[in-house]
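This report examines a single structure at the level of its helices and selected residues. The sequence and the coordinates are shown first.

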Amino acid sequence: MKYILICMAIMAVTTYLIRMIPFAFFRKKIKSRFVQSFLYYIPYTVLSAMTVPSVFYATGDMPSAVVGTVVAVVLSYRKCPLIVVALCASLAAYLTMMALPYLQACFS
């Protein structure tokens, strides 16, 4: 129990420092357009860097992950609702995983 509390305290301090440091260093309004645009795109970049690799390793099978990703990108491009994109991409990945053993048996 004590170990868990110590870990939680360390995580709380780390989270606080990450959020506090920009306020400590940037007291004035940022006027540089480059820095403003850089800071604007950071959340999207970090989210993409965390999400995209996990998409390809989520199924444990690269072909099914690629098929699911392609389906998701195509449906997103066509402006389908998020639930439709998620369900269709999951279904495509699942069906690909189920079909792969049969396809491998046919071609070997």
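## Model and confidence

The structure is a predicted model. Across the protein chain the pLDDT averages 88, and 100% of the residues score at least 70. Confidence is lowest in helix α2, residues 33–57, where the mean is 86. It is highest in helix α3, residues 62–77, with a mean of 93.

## Helix α3

Helix α3 comprises 16 residues. From its first C-alpha to its last it reaches 22 Å, close to the 22 Å expected at 1.5 Å a residue.

The buried residues of this helix are Ser64, Ala65, Gly68 and Leu75. They cover an arc of only 100 degrees around the axis, and therefore lie on the same side of α3. Val73 and Tyr77, on the other side of α3, are exposed. The cover over the buried residues of α3 includes α2 and α4, the latter spanning 82–107.

## Ser64 and Thr96

Ser64 belongs to helix α3. Its relative accessible area is 0%, so Ser64 is buried. Leaving aside residues up to four places away in sequence, Ser64 touches Thr59, Ala93, Thr96 and Met97.

Thr96, one of these contacts of Ser64, is located in helix α4. Thr96 has a relative accessibility of 16% and therefore counts as buried, since the cut-off for burial is under 20%. With residues up to four places away in sequence again left out, Thr96 touches Pro63, Ser64 and Val67. The side chain of Thr96 also reaches the backbone oxygen of Ala92, at 2.7 Å.

## The loop after α3

Which residue just after α3 takes a positive phi? The residue is Lys79, with a phi of about 60 degrees. Lys79 lies in the loop between α3 and α4. At 73% relative accessibility, Lys79 counts as exposed.

Most residues other than glycine have a negative phi. Lys79 has a positive phi although it is not a glycine.

## Aromatic residues

A pair of aromatic rings is described by the distance of the centres and the angle of the planes. In the pair formed by Tyr40 and Tyr41, the ring centres are 5.0 Å apart and the planes stand at 85 degrees, so the arrangement is edge-to-face. The angle meets the criterion for that class because planes over 60 degrees apart count as edge-to-face.

Tyr40, Tyr41 and Tyr44 together form one aromatic cluster. Within this cluster, Tyr41 is partly exposed, its relative accessible area being 48%.

## Helix α1 and two separations

Met8 is placed in helix α1, which covers residues 2–25. Is Met8 buried, exposed or partly exposed? Its relative accessibility is 48%, so Met8 counts as partly exposed. Between Met8 and Tyr40 there are 30 Å in space, C-alpha to C-alpha, for a separation of 32 residues in sequence.

Ile21 is also found in helix α1. With a relative accessible area of 40%, Ile21 is partly exposed. The C-alpha atoms of Ile21 and Met1 are separated by 30 Å, and these two residues are 20 residues apart along the chain.

Conventions:
Residues numbered from 1 in each chain as written. Predicted model: local features only at pLDDT ≥ 70, side-chain atom pairs only at ≥ 80, totals over all residues. Heavy atoms only, no water. Phe/Tyr/Trp six-rings, centres within 6.5 Å; stacked < 30°, edge-to-face > 60°. Buried < 20%, exposed > 50% of the residue type's maximum accessible area, 1.4 Å probe, protein only. pLDDT = per-residue confidence, 0-100. Helix = DSSP H or I, 4+ residues; strand = E, 2+ residues; numbered from the N terminus. Expected span 1.5 Å × (residues − 1). Arc of directions from axis to C-beta. Contact = heavy atoms within 4.5 Å. Polar contact = N/O pair within 3.5 Å; in protein donor to acceptor, adjacent residues only side chain to side chain.
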